[in-house]
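Dear colleague,

Please find below the structure that I am handing over to you. My notes on it follow directly after.

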Amino acid sequence: LRTTCLKFYQLINIYSIYLNHKPDFIYIHCDNCSFYGDRWNQLMSIKDLRNRIVIHKIPTIHTIFGVQFGWLEHRSDVLRLLILSNYGGIYFDNDI
């Protein structure tokens with residue numbers, strides 16, 4: 001089982017989205033959704049924010065229209081478009 005230790009900048013990213021945009025929900029779409037660490041615990045200690053976070057496990061895809069991805073970044077670009085198409089919302093990257 002792989003796990004992901006939440007980094008400080010990721011904590012700040014999620015917390016600033018919560019404070020500045022006041023979303024009803026923050027969806028985290030991931031293929032590795034086993035978060036841990038002090039930063040994750042800090043995030044989960046904020047009750048109102050914790051209740052707004054929805055973890056959505058997505059399958060790992062390797063092709064689009066039968067063509068294999070050449071780069072990991074291409075796969076994430078396609079997944080991002082599919083997720084926005086299906087769920088709507090706003091995409092925030094770690095450097096927003």
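How many disulfides does a search of the whole structure find? The search finds one disulfide, the term being used for a pair of cysteine sulfur atoms within 2.5 Å.

Before the details, two remarks on conventions. This is a predicted model, in which local features need pLDDT of at least 70 and side-chain atom pairs count only at pLDDT 80 or more, while totals for chains, interfaces and linings use all residues. Residues are numbered from 1 along each chain as its sequence is written, and side-chain values use heavy atoms, with hydrogens and water left out.

**Cysteines**

The disulfide joins C30 to C33, with an S to S distance of 2.2 Å. The link of C30 and C33 is right-handed, with 120 degrees about the S-S bond. C5 is in no disulfide, and the nearest cysteine sulfur to that of C5 belongs to C30, 15 Å away. As for accessibility, I use "buried" for under 20% relative accessible area, "exposed" for over 50% and "partly exposed" for values in between (1.4 Å probe, protein chains only). On that scale C30 is buried at 8%, whereas C33 is partly exposed at 21%. C5 is also partly exposed, with a relative accessibility of 33%.

**Overall fold**

The protein chain has four helices and six strands. These elements are DSSP runs numbered from the N terminus, with helices being H or I of at least four residues and strands being E of at least two. Read along the sequence, their pattern is β-α-β-β-α-α-β-β-β-α. The C-alpha trace spans about 45 × 30 × 20 Å along its principal axes.

Of the 96 residues in the protein chain, 26% are buried. The chain exposes about 7,000 Å², of which carbon and sulfur atoms supply 56%; accessible areas come from the Shrake-Rupley method with a 1.4 Å probe, and for residues only the protein chains shown count as cover.

**Aromatic pairs**

The search of the whole structure finds four aromatic pairs. Rings of Phe, Tyr and Trp (its six-membered ring) pair if their centres lie within 6.5 Å; planes under 30 degrees apart count as stacked, over 60 as edge-to-face and the rest as tilted. One of the pairs, that of Y27 and Y87, is tilted, at 5.7 Å centre to centre with 50 degrees between the planes. Y27 lies in strand β2 (residues 26–30) and Y87 in helix α4, so this pair ties together parts that are 60 residues apart in sequence. Y27 is partly exposed at 41%, and Y87 is partly exposed at 42%. Ring pairs link F25, Y27 and Y87 into a cluster.

I53 is found in strand β4 (residues 53–57) and is buried, with a relative accessible area of 12%. Not counting residues up to four places away in sequence, I53 touches I14, I26, I28, L43 and M44. Its C-alpha atom is separated by 32 Å from that of Q68, 15 residues apart along the chain.

L79 belongs to helix α4 (residues 72–87) and counts as buried at 17% relative accessibility. Leaving aside neighbours within four places in sequence, L79 is in contact with I58, P59 and I61.

Which residues other than glycine have a positive phi? K22 is one of them, with phi near 50 degrees, and F65 is another, with phi near 55 degrees. K22 lies in the loop between α1 (8–21) and β2 and is exposed at 62%. F65 sits in the loop between β5 (63–64) and β6 (67–68), where it is exposed at 82%.

Yours sincerely

Note on methods: Contact means heavy atoms within 4.5 Å.
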